[in-house]
Amino acid sequence: MPERFVSPAETVVGSGAVDSVGDRMADRGSRALVLATSGVFDRFGQRVRDSLTDAGIETAVFDEVRPDPTVANVEAAHELYREADCDCLVTLGGGSPIDTGKAVGVVAANGGEIREYATDRAGYEGVPEQIPPLCAVNTTAGTGSEATRSIVITDETTSTKFLVVSTACVPTVAVEDPELVRSLPPSHTAFTGIDALTHAVEAFVSVHAWEMSDTLARSAIDRIVRWLPVAWANGDHIEAREQTLVGQFQAGQAFTNSSVALVHGMARPFGAQLHVPHGLANAILLPYVMEFSVQGAPERYAEIARRLGAATESTPTREAAQAAGPAVRELCTDVSLYGYLDEFGTVPERAAYAEVVPEMAADAIASGSPDNNPRKPSHEEVADLYMTVYDDVLEAYQ
Ligand SMILES: [Fe+2]
């Protein structure tokens with residue numbers, strides 16, 4: 001079967017890229033809804049508006065995007081989009097505003113409610129009409145949502161997240177300005193950076209990997225491994241910020257054209273139990289899932305280990321492959337990831353955790369992501385992985 005590659009039509013990278021939003025959108029719309037969280041809008045909103053105004057584009061502002069946006073959030077933003085008679089979207093921020101913007105676009109172009117387009121109801125590629133032109137100005141370095149077909153929204157009636165995945169949702173323009181991520185604190189630099197590394201690793205080992213996603217995954221891994229520790233240690237290092245931004249963008253392109261796999265399947269219920277950010281949940285699971293999966297794609301894991309400097313060309317494949325998980329664990333330690341568990345997570349007692357593990361394992365398998373993994377896990381194996389992670393990592397932070 002032929003493969004299809006999807007991507008934003010344009011990507012602008014570099015210091016000052018934020019000022020090009022108006023020019024990029026000038027031929028694409030006349031009235032833009034700008035979406036952001038209030039904090040990010042306060043910092044960069046006026047600059048985006050000025051750029052749009054200079055290009056002759058009127059603006060309406062929705063600055064009430066919340067982290068983990070809900071259906072109600074999408075509806076309120078869509079209401080404003082309609083009232084202000086908008087014809088294009090500009091998001092300012094990370095995954096939450098980008099996903100809210102994409103969801104507003106889905107409803108604006110297709111009618112109905114966003115929940116109807118979720119993968120559990122409409123399937124993959126279940127959005128018929130292309131969303132209006134959307135420019136995503138990124139202010140974090142992790143989700144890669146500005147490059148992807150995916151939307152994650154929380155259904156507040158059930159407190160669960162649902163996914164919309166469709167080519168019709170890919171943003172038109174992505175803006176990656178390293179100056180905008182400069183003030184990201186080390187903790188969030190680490191979380192988002194390891195989320196991006198997880199995207200690249202999972203896209204690379206996925207059973208859906210192919211030439212185009214491989215090229216991007218390789219490049220993303222190289223950039224993140226080389227530059228994430230520098231960006232973490234010195235947030236003002238503009239080259240490190242730019243390289244990690246490009247890396248996470250490529251990682252987003254890689255997984256949207258391949259897939260994520262077992263880590264992402266396990267991270268959702270795991271993160272919900274521990275109340276930890278998505279990137280930290282991934283970071284805790286990633287080395288263990290890599291070690292579990294080695295037999296399914298030894299050459300792939302061996303290559304990852306070589307890219308991480310944990311093996312050489314002459315290291316035998318089997319030995320190199322087994323070095324990949326520990327090398328990722330070392331990178332996570334380098335950026336102090338596990339140390340953030342105290343501040344950003346709540347580790348339950350072992351018995352309470354063990355009680356919910358069967359349900360977490362069932363949720364992980366039901367997500368479908370483990371089917372993309374090079375080694376397909378059973379329910380027991382996923383449950384064992386959750387317990388191993390508790391005993392090896394979490395116990396110390398209880
Ligand atoms: Fe992710």
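Colleague: How are helix 14 and helix 15 oriented, oblique or roughly antiparallel to each other?

Modeller: Oblique. Keep in mind that this is a predicted model. Helix 14 covers residues 350-366, helix 15 covers residues 379-392, and they pack at an angle of about 140° with their axes 9 Å apart. Anything over 145 degrees would count as roughly antiparallel, so at about 140° this pair is called oblique.

Colleague: And which hand does the crossing of helix 14 and helix 15 have?

Modeller: Right-handed. On the helix 14 side the contact includes Tyr353, Val357, Met360 and Ile365, and on the helix 15 side Val382, Tyr386, Met387 and Tyr390 are among the residues involved.

Colleague: What about helix 7 and helix 8, at what angle do they pack?

Modeller: About 150°, with the axes 7 Å apart; helix 7 is residues 211-233 and helix 8 is residues 238-256. That angle is over the 145 degree limit, so helix 7 and helix 8 come out as roughly antiparallel. Their crossing is left-handed. Among the contacting residues are Leu216, Ile224, Trp227 and Leu228 from helix 7, and Gln243, Val246, Gln250 and Ala254 from helix 8.

Colleague: Back to the loop between helix 14 and helix 15, where Asn372 sits. Is Asn372 buried or exposed?

Modeller: Asn372 is buried, with a relative accessible area of 13%. Setting aside neighbours within four places in sequence, Asn372 contacts Ser206, Val207 and His208, plus Ser259, Val260 and Ala261.

Colleague: OK, switching to the metal. Which residues are the protein donors of the iron ion?

Modeller: Asp195 through OD, and His199, His264 and His278, each through NE2, lying 2.2 Å from the iron ion. In sequence the donor residues follow the spacing D-x3-H-x64-H-x13-H.

Colleague: Where do Asp195 and His199 lie?

Modeller: Both are in helix 6, residues 186-205, four residues apart, or about one turn of the helix. Asp195 is buried at 4% relative accessible area, and His199 is buried as well, at 3%.

Colleague: Why is the arrangement of the four donor atoms irregular?

Modeller: The angles they subtend at the iron ion run from 84 to 170°. A tetrahedral call needs all angles between 85 and 135 degrees, so that range rules it out, and the arrangement is classed as irregular.

Colleague: Last one, on helix 12. What does Ala327 touch, not counting residues up to four places away in sequence?

Modeller: Leu308 and Ala310. Ala327 lies in helix 12, residues 317-334, and is buried with a relative accessible area of 13%. Between Ala327 and Gly309 there are 8.1 Å in space, C-alpha to C-alpha, although they are 18 residues apart in sequence.

Terms used
Residues numbered from 1 in each chain as written. Predicted model: local features only at pLDDT ≥ 70, side-chain atom pairs only at ≥ 80, totals over all residues. Heavy atoms only, no water. Donors = N, O, S within 2.8 Å, 3.2 Å for Na, K, Ca; no water. Tetrahedral: all angles 85-135°; square planar, octahedral: opposite > 155°, others 65-115°. Helix = DSSP H or I, 4+ residues; strand = E, 2+ residues; numbered from the N terminus. Buried < 20%, exposed > 50% of the residue type's maximum accessible area, 1.4 Å probe, protein only. Axes fitted to C-alpha atoms, helices over the stretch in contact; angles between N-to-C directions. Parallel < 35°, antiparallel > 145°, perpendicular 65-115°, else oblique. Left-handed = near helix turned anticlockwise from the far one by under 90°. Contact = heavy atoms within 4.5 Å.
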